[in-house]
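Here is a short report on one chain. Take the sequence and the model together, then read on.

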Amino acid sequence: MNEHLSSASLKSLAKGQLLGKYGTVVAAYAIHMGCILFTSFMVSMFIDTATLIGNIIYLLVSVLLSLFGGLFVYGEAYIYLKIACNQPVTVSDLFCGFGSNAEKIARVQIVFALVAVICSLPNLMTPMLTQHPENPYLMLTYVILMIITTTVNVIFSLTFAASFYLMHDFPNYTPKEILMQSYKIMKGNRGRLFYIELSFIPLLLLGFCSCCVTYLWILPYMEAVQANFYLDLIKKRNRNS
């Protein structure tokens, strides 16, 4: 018997929980994305990614930007856990990671950042592809590497999707314990989360047609669904323990 909530039930929960809170979550998401896009833009202005050396430098700087972004991801996880538990939220909750937990957050986020860098390595071939567009073997190699790294990145993201929620629920856990616990609770549930994420594609396509403006509402809705997905997993874990 499947004890988990269905995708439709999780979405229905999220919609109800977000009523009256969209102003807060949209503002928080806008601040998060504004900070990340601004820093990324500033970095791209000074790094020439048309060269191999420039791509390598950009990847290294991307690790630092990812660590910075991890602080916001931690804050967003806190916001959506509170929403899923019917607790009041404020925009200031977004900055809860900018304090004593920053080191632990960075140690967890560095794992995500390094995997993202490894999965971005095929992009180092971009200058060669530009210089030799007529080489079919070069293009084939690039496509194969992109398929492999994208698959690895998706599996990794699904496996450790619960990490930042766990950091809030189990503040005494070490970064290693956080990652291991995420691996345990996501084992056998990655397919469910992947299905839920795929089900948002039509909504994301509609958002794209609005010049991505409605993503400010769509992405918080997706985050709320994921927070409820996590809580559903934790409830089953607690019942079985």
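The 15 positive and 11 negative charges of the chain have mean positions 11 Å apart. Lys and Arg count as positive, Asp and Glu as negative; His and the chain ends are not counted. Each charge is placed at NZ of Lys, CZ of Arg, CG of Asp or CD of Glu.

The model is predicted: local features need pLDDT of at least 70, side-chain atom pairs count only at pLDDT 80 or more, and totals for chains, interfaces and linings use all residues. Residues are numbered from 1 along each chain as its sequence is written, and side-chain values use heavy atoms, without hydrogens and water.

The chain has eleven helices and zero strands. Helices (H or I, at least four residues) and strands (E, at least two) are DSSP runs, numbered from the N terminus.

Overall values for the chain:

| Property | Value |
|---|---|
| Box of the C-alpha atoms along the principal axes | roughly 55 × 40 × 40 Å |
| Accessible surface (Shrake-Rupley, 1.4 Å probe) | about 13,300 Å² |
| Carbon and sulfur share of that surface | 69% |
| Buried share of the 241 residues | 40% |

Buried means under 20% relative accessible area, exposed over 50%, and partly exposed in between (1.4 Å probe, protein chains only).

Glu-103 counts as exposed because its relative accessibility is 57%. Val-225 is 122 residues from Glu-103 in sequence, and their C-alpha atoms are 28 Å apart.
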